[in-house]
Every structure is written in C-alpha cells, then in structure tokens.
Amino acid sequence: MKIEVDTEVCCAAGMCALTAPDVFDQDESDGTVMLLEPAPAAQHHAAAREAAELCPSGAITVTDSE
C-alpha cells in the first residue's frame, strides 16, 4: 500500500487523524493532513483506506502495491 496526500486540497476536517492516528496527523499551525506513514504496515491498511474514504475533500490517495 502507498498513500499520498494533497495538503493543498485538504480542508482540515481531521477525519484522517481520528480514523488512522498511526498513519495520519494534523499540522498544528493550520490543521491540514500530515502523512506519518506513506507505506503503512498491513495492520493499518483498513484504517488508512477508511480514512481516505471519509476524507471530505478527497486529499488522500491510496494505491495498492504490487
């Protein structure tokens, strides 16, 4: 799994950090998404996918590694 975030698109809702706190955080200055783990361990895949689905601005992209 590979994760990318677009901080320019992020609306700072914080759903990512609440849903997958081991993978995402929020910048303290403006609340935008911070990617902690661009290639998270398998145990975090489901939460990362859910965070991407819940993101209201579509700032998170999840792709499967081959």
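This is a predicted model: local features need pLDDT of at least 70, side-chain atom pairs count only at pLDDT 80 or more; totals for chains, interfaces and linings use all residues.

Trainee: Which residues touch the most other members of the largest nonpolar core?

Mentor: First, the idea. A nonpolar core is a set of buried Ala, Val, Leu, Ile, Met, Phe, Trp, Tyr and Cys residues joined through side-chain atoms within 4.5 Å. Buried means under 20% relative accessible area, exposed over 50%, and partly exposed in between, with a 1.4 Å probe and protein chains only. Here the largest core has 14 residues, and I3, C16, F24 and I60 touch the most other members. Helix α2, residues 45-54, gives the largest share, three residues. Helices (H or I, at least four residues) and strands (E, at least two) are DSSP runs, numbered from the N terminus.

Trainee: Where is I3, and what is it in contact with?

Mentor: I3 sits in strand β1. Its relative accessible area is 2%, so I3 is buried. Contact means heavy atoms within 4.5 Å. Beyond neighbours within four places in sequence, the contacts of I3 include F24, L35, A48 and I60. I3 and A39 are 36 residues apart in sequence, yet their C-alpha atoms are 6.3 Å apart.

Trainee: Is V5 buried or partly exposed?

Mentor: V5 is also placed in strand β1. V5 counts as partly exposed, at 27% relative accessibility. With neighbours within four places left aside, V5 is in contact with F24, V33, L35, A59 and I60. From V5 to L35 the C-alpha distance is 6.9 Å, across 30 residues of sequence.

Trainee: Now the helix. Which residues of α2 are buried?

Mentor: They are H45, A48, A51 and A52. Look down the axis of α2: these buried residues fall within an arc of 125°, so they line one face of the helix. The arc is that of the directions from the helix axis to the C-beta atoms. The face turned away from the buried side carries exposed A46 and E53. The buried residues of α2 pack against β1 (2-5), α1 (15-19), β2 (24-26) and β4 (60-63).

Trainee: What does A51 touch?

Mentor: A51 has 0% relative accessibility and counts as buried. Not counting residues up to four places away, A51 touches C16, T19, A20, F24 and I60. A51 and C16 are 35 residues apart in sequence and 4.7 Å apart, C-alpha to C-alpha.

Trainee: How many cavities of 30 Å³ or more are there?

Mentor: On a 1 Å grid over the protein atoms alone, a cavity is a set of points where a 1.4 Å probe fits but cannot get out; lining residues have an atom within 4 Å of a point. The count here is one cavity of 30 Å³ or more. The largest cavity holds about 80 Å³ of space. Its lining has 15 residues, with C10, A13, G14, C16 and C55 nearest its centre.

Trainee: What about the backbone angle at A12?

Mentor: Most residues other than glycine have a negative phi. A12 is not a glycine, but its phi is positive, about 65°. A12 lies in the loop between β1 and α1. A12 is partly exposed, with a relative accessible area of 29%.

Note on methods:
Residues are numbered from 1 along each chain as its sequence is written. Side-chain values use heavy atoms; hydrogens and water are left out. On a 1 Å grid over the protein atoms alone, a cavity is a set of points where a 1.4 Å probe fits but cannot get out, and a pocket is an open set with protein on both sides within 12 Å along at least five of seven lines; lining residues have an atom within 4 Å of a point. Grid points are joined across faces, edges and corners, and a volume is the space filled by probe spheres set on the points.
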